[in-house]
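Please examine the model shown below.

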Amino acid sequence: MKSWKEEELIRCPICEAVTIDQGKKNICRRCNSKIYQHQKFQTEKSWAFLITAIIFYIPANLYPMLVIKQFGHEEGSTILGGVIVLWEMGSYPVALIILFASVFVPLLKFLLLLYLLISVKYSLGNDSKVDKHTLYYITEVIGPWSMIDVFVVAILAGLIHLSSMEMVAGTASTAFALSVFFTIMAASSFDSRLIKEKR
Amino acid sequence: MKTKITSDQLDEFIICHKCHTLHKKAFISNGSKAVCRHCKSVLYHRDDALIDKGLALSITGLILFILANVFPLIRVDILGQEQVITILSMISRLLESGYYIVALFVVYLVFIFPIMIFLIYVTLFFLLKTAQKEKLVQDLLILLSKILLWNMSDIFLISILVSLVKLMSMLEIHIGLSFWTLTLFVIIDLYMTRSIHIGELWKIKEEIYREQK
Ligand SMILES: [Zn+2]
Ligand SMILES: [Zn+2]
């Protein structure tokens, strides 16, 4: 019977089985899913999604997230503007949640993915395999947090729409939602098999 | 580990989902769990009543989610007029104002995916309990693993709390009945994603249908 070394075994992302790494034409032995079939594009797809996400993140910060229309007067607030208003109002915990979810999480995800994408091609110091897998896991887990501000805008706009006072979504909400989407796509199209122990 | 692993031994091993360390599975008693020697995250559990528990939890979750869509989440009084919001009214409002992309994200992340996941859970546990339709069970398990990542009801609940704080200073707000059913739904949802790993369902599935053959 054929036998395998530890380095030849991978985890199926679909059914979690231990399965054999067959290089470019991988099919899981248990669930028959095609896994990691990137062919000649190993990191390019992930790079493309990541760059798109970073581009969308710029208008997401420059344009208003929420527009408040009150007695014929219109006022938009950006992500950072919203955080500052909350801070001045004294709602420190909520200001911190928004700052964490809309600024800290997206930037951390960009940096982690950049680091992973660069480090699988070029050796950066003596970084271990387990640490990089853990970093990859973190990028997947913190992703959804950045949707908080988009949901908040959807809730406020859905709740307050009277002629005297109205809240509507701003351009930044579309840009921000797209940025989050492309970051999640960049993370999930990253080929974690590229993380290998350096000898 | 320098030893070689033969093809028929592969099922005796597990790779940690977080740090990808390879482990040989050890026997554990009912109700306990095995953790990774490197990062201490849970590798697998042993729960002999998993199917019954899963079925009960997923039916409860589904009912709670439906209720969370029937009643208002929040009510506000603005200049004597009462305004209410439900998940679906929020989405239709986004569509009316032309924010189609945001509406699309919201409808998938907080409505379609959560309801799909719980419908899949109910069907899966029912089929596993009655040992029927192996092929369908496999397809559902594959579909489930692909959409689990896109369920954001927990983040949505946090967003409701943030919105309440934002509005508190300017308006009189009331928490609606659906807010509580959504909270209970999120608790069940979090408990299920933490305690039921897809890999364990595959293992149970293999045992059930092997006995049948
Ligand atoms: Zn598989
Ligand atoms: Zn681990």
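Which residues of H5(A) are buried? They are A:Ile148, A:Asp149, A:Val150, A:Phe151, A:Val152, A:Val153, A:Ala154, A:Ile155, A:Leu156, A:Ala157, A:Gly158 and A:Leu159, where buried means under 20% relative accessible area, exposed over 50%, and partly exposed in between (1.4 Å probe, protein chains only). Helix H5 of chain A runs through residues 148–159 and reaches 16 Å from its first C-alpha to its last, close to the 16 Å expected at 1.5 Å a residue; the expected span is 1.5 Å times one less than the number of residues. Helices (H or I, at least four residues) and strands (E, at least two) are DSSP runs, numbered from the N terminus.

This is a predicted model, in which local features need pLDDT of at least 70 and side-chain atom pairs count only at pLDDT 80 or more, while totals for chains, interfaces and linings use all residues. Residues are numbered from 1 along each chain as its sequence is written, chains are lettered from A and ligands numbered from 1 in the order in which they are written, and side-chain values use heavy atoms, with hydrogens and water left out.

In chain A, the zinc ion (ligand 1) is coordinated by the SG atoms of A:Cys12, A:Cys15, A:Cys28 and A:Cys31 at 2.2 to 2.3 Å. Donors are N, O and S atoms within 2.8 Å of the metal (3.2 Å for Na, K and Ca); water is not among the atoms, so sites may look incomplete. The arrangement around ligand 1 is tetrahedral because its four donor atoms subtend angles of 106 to 112°, four donors counting as tetrahedral if all angles lie between 85 and 135 degrees. A:Cys12 lies in the loop between strand S2 (9–11) and strand S3 (18–20), and A:Cys28 in the loop between S3 and helix H1 (44–62) of chain A, so the pair ties together parts that are 16 residues apart in sequence. A:Cys12 is buried at a relative accessible area of 0%, and A:Cys28 is buried at 1%.

In chain B, the zinc ion (ligand 2) is held by the SG atoms of B:Cys16, B:Cys19, B:Cys36 and B:Cys39, at 2.3 Å. Their spacing in sequence is C-x2-C-x16-C-x2-C. Angles of 104 to 116° make this arrangement tetrahedral. Finally, the largest share of a nonpolar patch, five residues, comes from H1(B); patch residues have over 30% relative accessible area and no salt bridge, with nonpolar side chains joined within 5 Å and like charges within 9 Å.

Notes
Four donors count as tetrahedral if all angles lie between 85 and 135 degrees; four count as square planar and six as octahedral if opposite donors are over 155 degrees apart and all others between 65 and 115; anything else is irregular.
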